[in-house]
Structures are given as C-alpha cells and as structure tokens.
Amino acid sequence: MKKMKQNLMAIATVMATSFAFATMTFAGSSNYRFTLDHRVVDGSDNGTYHSLDKGTVYIDGGHYEYLTDKGALSTYNNITYVLYRSRFGPDKSCGSIECDYYTNPSGKIGTADEKSSKYYLQIYKVEDDGHNIKGSGTIYN
C-alpha cells in the first residue's frame with residue numbers, strides 16, 4: 001500500500017510538472033516568418049499578429065539573403081526588429097533589437113504591457129541595400 005501511494009505521488013508530480021512546462025512553453029509563444037525585399041515588412045499591414053502574455057518578450061530567430069538585386073550595395077544594412085502592440089490610437093512600441101546581417105536576432109526584444117493577441121513585428125532596414133532577406137523565428141515570454 002505504501003509503495004502504491006509513492007507511485008501515485010510520483011506520477012502526479014510528473015504530470016503536474018509536465019503540465020506546468022507545457023503551459024509555460026505554449027502560453028506566450030508565436031512563430032514568425034518574413035520576406036524583406038525592399039526596406040520594411042510590417043505585421044499589421046499583412047495581418048500577422050501574435051498572442052503574448054504580459055512581461056518580458058524574447059526573440060529567437062534567423063535571417064539570410066536569398067536574392068541579390070542588380071546594383072546592390074557591397075555592404076549590408078543592419079536589420080531592426082520592433083515589437084508593437086496594436087491598440088486604439090497610435091500603436092505602442094514595446095521594444096526592439098537591432099542586428100547586422102551576420103547576427104541573428106536573439107534575446108530580449110522588449111516588454112509586453114498586457115496580455116493581448118494584437119502584438120506584431122515590424123522588420124526594417126534604414127534603406128533598401130539590394131540584399132533581399134528571408135527569416136523566421138519565435139517570439140515568446
């Protein structure tokens with residue numbers, strides 16, 4: 001009987017822990033994918049929104065050049081990832097991360113001020129350098 005109680009307790013502990021990790025993993029996590037052929041890609045323009053919980057937001061992704069335009073610059077412009085929350089009036093910038101072409105976005109991107117399904121990414125370069133970029137990743141908290 002004592003052994004059976006220990007086994008039930010162990011199973012209950014494993015199930016509770018698994019549920020807690022699953023909730024943390026899926027609660028505020030969203031994948032993104034983009035193609036940046038000119039200067040800017042805006043999630044609100046193409047209807048790509050993400051659900052996030054309130055708190056610190058992280059990004060983990062990658063990008064690569066898939067096509068070079070004729071006359072492209074010999075250098076690459078930095079790529080900036082900005083997290084916004086859509087709302088009535090001007091949308092709220094929640095933070096950003098900038099990286100060069102050779103560095104993938106990874107780490108804290110900002111802070112979600114409330115739980116919402118209306119967060120989006122704006123990804124841009126200061127000017128069109130002729131290097132067309134594709135990328136993908138995850139934003140989460």
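Trainee: Does Lys-115 count as buried, partly exposed or exposed in terms of relative accessibility?

Mentor: This model is predicted, and its accessibility values are computed from it. A residue counts as exposed when its relative accessible area is over 50%. Lys-115 has a relative accessibility of 65%, so Lys-115 counts as exposed.

Trainee: Which residue meets the side chain of Lys-115 in a salt bridge?

Mentor: In general, side chains of opposite charge can pair when their charged atoms come close. The side chain of Lys-115 takes part in a salt bridge with an N to O distance of 3.8 Å, and its partner is Asp-53.

Trainee: How many residues apart are Lys-115 and Asp-53?

Mentor: Lys-115 is in the loop between strand E7 (106-112) and E8, while Asp-53 is in the loop between strand E3 (50-52) and E4. The pair thus links distant parts of the chain, and the separation is 62 residues.

Trainee: Which residue forms a salt bridge with Glu-114, and in which strand does that residue lie?

Mentor: The side chains of Glu-114 and Arg-85 meet with an N to O distance of 3.6 Å. Glu-114 lies in the loop between E7 and E8, so the pair ties together parts that are 29 residues apart in sequence. The residue asked for is Arg-85, in strand E5.

Trainee: Of Glu-114 and Arg-85, which counts as buried?

Mentor: Buried means under 20% relative accessible area. Glu-114 is at 37% and therefore counts as partly exposed. At 7%, the residue that counts as buried is Arg-85.

Trainee: Why is strand E5 described as largely enclosed by the rest of the structure?

Mentor: In a regular strand the side chains alternate between the two faces of the sheet. In E5, one side carries Ile-79, Tyr-81, Leu-83 and Arg-85, and the other carries Thr-80, Val-82 and Tyr-84, with both faces covered. Strand E5 (residues 79-85) is largely enclosed because the number of its residues that are buried is 7 of the 7.

Trainee: How many bridges pair E5 with strand E6?

Mentor: Strand E6 covers residues 92-99 and pairs with E5 in the antiparallel sense. Within this pairing, Val-82 has Ser-96 as its bridge partner in E6. The number of bridges between E5 and E6 is 7.

Trainee: Which residue in the hairpin of E5 and E6 takes a positive phi?

Mentor: The hairpin has 6 residues between the strands. The positive phi is near 85°, and the residue that takes it is Gly-89.

Trainee: In strand E8, what is the bridge partner of Tyr-84?

Mentor: E5 also runs antiparallel to strand E8 (residues 116-124), with 6 bridges joining them. The bridge partner of Tyr-84 in E8 is Tyr-120.

Trainee: Does Cys-94 count as buried or exposed?

Mentor: Cys-94 is found in strand E6. Its contacts, leaving aside residues up to four places away in sequence, include Leu-83, Tyr-84 and Arg-85. With a relative accessibility of 10%, Cys-94 counts as buried.

Trainee: How far apart in space are Cys-94 and Tyr-119, C-alpha to C-alpha?

Mentor: In sequence, Cys-94 and Tyr-119 are 25 residues apart. Cys-94 also touches Tyr-119. The C-alpha to C-alpha distance is 9.1 Å.

Trainee: To which residue does the backbone nitrogen 3.0 Å from a polar atom of the Ser-116 side chain belong?

Mentor: Ser-116 has its place in strand E8, and at 14% relative accessibility it counts as buried. Not counting residues up to four places away in sequence, Ser-116 touches His-50, Ser-51, Leu-52 and Arg-85. The backbone nitrogen in question belongs to Lys-118.

Trainee: Which residue joins its side chain to that of Thr-138 in a polar contact?

Mentor: Thr-138 lies in strand E9 (residues 131-140). Residues that Thr-138 touches include Ser-30, Asn-31 and Tyr-58, with those up to four places away in sequence not counted. The polar contact between side chains has a distance of 2.9 Å, and the partner of Thr-138 is Asn-31.

Trainee: What N to O distance is found in the salt bridge of Lys-125 and Asp-129?

Mentor: Lys-125 counts as buried at 1% relative accessibility, and Asp-129 counts as buried at 2%. Their side chains meet in a salt bridge with an N to O distance of 2.7 Å.

Definitions and conventions: Residues numbered from 1 in each chain as written. Predicted model: local features only at pLDDT ≥ 70, side-chain atom pairs only at ≥ 80, totals over all residues. Heavy atoms only, no water. Buried < 20%, exposed > 50% of the residue type's maximum accessible area, 1.4 Å probe, protein only. Helix = DSSP H or I, 4+ residues; strand = E, 2+ residues; numbered from the N terminus. Pairing = 2+ DSSP bridges. Polar contact = N/O pair within 3.5 Å; in protein donor to acceptor, adjacent residues only side chain to side chain. Contact = heavy atoms within 4.5 Å. Salt bridge = Lys/Arg side-chain N within 4 Å of Asp/Glu carboxyl O.
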